[in-house]
Amino acid sequence: MDIEVTRDVFRLAEVFTISRGSRTEAKVLTVRITDGGVTGWGECVPYARYDETLESVTAEIEGLPDRFDRDALYDLLPAGAARNAVDCALWDLQAKQAGRAAWELAGLAAPGPEITAYTLSLDSPEKMRAQAAKHAHRPLLKIKLGTPDDMPRLEAVRAGAPDARIIIDANEGWSAAVYADLAPHLVRLGVTLVEQPLPAVEDDALIGMDRPVPVCADESCHDRASLPKLKGKYDVVNIKLDKTGGLTEALRLRDAARAEGYDVMVGCMVGSSLAMAPATLVAQGALVTDLDGPLLLAEDRDHALTFDDKGVHPPERALWG
């Protein structure tokens with residue numbers, strides 16, 4: 001097998017801000033694996049929160065042996081961005097070699113569109129209200145919060161989009177005291193889910209706390225090995241392929257989480273349609289789908305995913321799988 005790793009940069013349509021900082025572009029790694037004249041590809045987004053860089057993830061991929069399969073890959077690389085891009089490229093390669101769709105190879109039902117959240121980045125209350133009003137036609141809005149002064153922002157978004165479902169992503173930005181103070185207001189303002197309110201290293205504080213709306217583990221949940229630590233703290237797990245290390249583990253995590261009584265959210269980093277494509281298979285029937293990365297870009301891959309009033313559609317085979 002021949003493995004090629006390239007860097008790609010996609011301009012964002014607008015500055016994107018979370019509690020950890022802002023960005024104007026999405027920097028991704030594209031992996032192409034060629035075997036017998038057939039090439040499969042995948043994409044990952046190295047994430048500094050997990051001590052990943054473009055250079056470190058490239059080195060992980062370039063250190064792989066000349067030949068391996070998806071089962072062997074599980075032992076060759078840890079969960080994370082590097083394994084994600086390679087795993088998804090192998091799925092695409094296998095689908096092309098077999099002349100069958102990836103969902104068929106995975107033993108899944110034919111996928112359909114899923115309503116996806118649209119993310120509003122962190123800003124002043126006035127600007128977040130304007131963002132919300134601009135996107136009030138969307139059925140599900142996700143708002144980035146994570147500061148001690150988020151109440152005016154939440155009120156502003158609800159005023160700007162009075163009919164939309166709202167989910168909140170605090171990106172580990174709240175303390176237990178801030179979350180406890182905000183929790184009743186989440187109910188009052190019709191919030192349906194809150195992601196990772198506390199830092200992952202401090203989330204034991206959630207044990208015994210009232211959770212008037214479902215609380216979702218994001219930074220606290222990477223793969224199946226994370227599940228034992230979530231008991232009593234979370235109601236939902238956010239599955240991201242860049243955390244699980246690919247589609248293979250994402251599907252396993254989805255099944256294991258549901259078996260333990262968790263609902264499932266399927267999320268993404270800010271990347272292109274190629275990164276979202278395999279995640280659409282995991283998102284089938286999820287409580288929340290958050291695969292809006294391509295909607296935040298000013299430019300995307302050829303054969304990009306379709307987004308319409310039915311949601312995000314599974315990929316064309318010309319893109320992936």
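Helix H3 covers residues 81-98, which is 18 residues. Helices here are DSSP runs of H or I of at least four residues, strands are runs of E of at least two, and both are numbered from the N terminus.

A word on the source. This is a predicted model, in which local features need pLDDT of at least 70 and side-chain atom pairs count only at pLDDT 80 or more, while totals for chains, interfaces and linings use all residues. Residues are numbered from 1 along each chain as its sequence is written, and side-chain values use heavy atoms, with hydrogens and water left out.

Back to H3. Of its 18 residues, 14 are buried. Buried means under 20% relative accessible area, exposed means over 50%, and partly exposed is in between, with a 1.4 Å probe and protein chains only. Just after the helix, glycine 99 has a positive phi of about 65 degrees.

Two residues that are not glycine also have a positive phi. Most residues other than glycine have a negative one. Aspartate 51, at about 60 degrees, sits in the loop between strand S3 (38-44) and helix H1 (54-62). Asparagine 171, at about 50 degrees, sits in the loop between strand S6 (165-169) and helix H7 (176-188). Are they buried or exposed? Aspartate 51 is exposed, at 69% relative accessible area, whereas asparagine 171 is buried, at 5%.

Next, cysteines. Cysteine 88 is buried at 2%, and cysteine 221 is buried at 0%.

Last, a helix pair. The axes of H6 (residues 151-160) and H7 come within 11 Å and cross at roughly 5 degrees. Axes are lines fitted to C-alpha atoms, for helices over the stretch in contact, and angles run from 0 to 180 degrees between N-to-C directions. H6 is therefore roughly parallel to H7, the term for angles under 35 degrees. The contact (heavy atoms within 4.5 Å) is made by Met151, Leu154 and Glu155 of H6 with Leu182, His185, Leu186 and Arg188 of H7.

How values were computed:
The expected span of a helix is 1.5 Å times one less than its number of residues. Angles under 35 degrees count as roughly parallel, over 145 as roughly antiparallel, 65 to 115 as roughly perpendicular and the rest as oblique.
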